[in-house]
Amino acid sequence: MGISSSVPSVSKTRLERGISSSVPSVIAIFRYAVVTGANKGTGFEICRQLASNGITVMLTARDDKRGLEAVEKLKQSGYDNVIFHQLDVADSASVESLADFVKSKFGKLDILVNNAGINGVVVDGGALSGFDKNVINEWAVGVLRDVENLTEEKVDEVLRKYLNDFKEGSPETKGWPASMSAYIMSKATMNAYTRILAKKYPNVVINCVCPGYVKTGLTYNSGALTTKKRCRKSCLLSIVAK
């Protein structure tokens, strides 16, 4: 889960680029947030907690019906500062549409929570204990921990090496995770990429948060943790980061 706070014109997508220019002073005192993949689970709870802190929240989802139903549910709970906008993060036209909406409606974006994800496996709770414990390939650990010299090309190199060993049927013998290897590697490289972005854009606070093995649809409700408790850290980082 990626979190950007106080987002000016700095990131790669149009949603994160040009939406903060010419901000009218009359809206400067208000804060606006976009949460992706937010019609249920952790995204929904993050919307609720951000809204409870007085932030205007744009709840986004691929499916209009589910997104509107989620917003209505929040409004029935007293959160009138939540609105819906359709968003498919894998569709550039959809991203452009949201960026145009934010720019014309609010003139700026303060918080972006990249919560949307695609599930391909049933997750084992033990897989969420962190890459330091799970990724034991010494070369890969050395590359990903070398924050000062870390680059996108080096992260790609780690992934290429992992994929090559995986295709050859030898991931375990090469020091890669024995179980849930693809999932663990995605977490490890996401952490690394977040470090790269944070260094590249020093004026934007960029964090990466793993809420843990939460009971949501993504984990087929087999998680041991509640969304209310585990989303607090994500919201805290979004709100207080300057």
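Q: How many disulfides does the count come to?
A: The count comes to 0 disulfides. The rule asks for a pair of cysteine sulfur atoms within 2.5 Å.

Q: What is a disulfide, anyway?
A: It is a covalent bond between the sulfur atoms of two cysteines.

Q: What kind of model is this, and how are residues numbered?
A: This is a predicted model: local features need pLDDT of at least 70, side-chain atom pairs count only at pLDDT 80 or more, and totals for chains, interfaces and linings use all residues. Residues are numbered from 1 along each chain as its sequence is written, and side-chain values use heavy atoms, with hydrogens and water left out.

Q: How much of the chain is buried?
A: Of its 242 residues, 44% count as buried.

Q: Which residues have the most contacts inside the largest nonpolar core?
A: They are Val 35, Leu 50, Val 57, Leu 59 and Val 82, in a core of 22 residues. A nonpolar core is a set of buried Ala, Val, Leu, Ile, Met, Phe, Trp, Tyr and Cys residues joined through side-chain atoms within 4.5 Å.

Q: Which element gives the most to this core?
A: Helix α1 does, with 5 residues.

Q: What does Leu 50 touch?
A: Leaving out residues up to four places away in sequence, Leu 50 touches Ala 33, Val 35, Ile 55, Val 57, Cys 235, Ser 238 and Ile 239. Contact means heavy atoms within 4.5 Å.

Q: Where is Gln 49?
A: Gln 49 lies in helix α1, residues 41-52. Gln 49 is buried, with a relative accessible area of 9%. Beyond four places in sequence, its contacts include Thr 227 and Cys 231.

Q: New topic: how do β3 and β4 run?
A: Strands β3 (residues 56-61) and β4 (residues 82-86) run parallel, joined by 5 bridges. Leu 59 stands opposite Phe 84 in β4.

Conventions. Helices (H or I, at least four residues) and strands (E, at least two) are DSSP runs, numbered from the N terminus. Buried means under 20% relative accessible area, exposed over 50%, partly exposed in between (1.4 Å probe, protein chains only). Two strands pair if DSSP finds at least two bridges between them.
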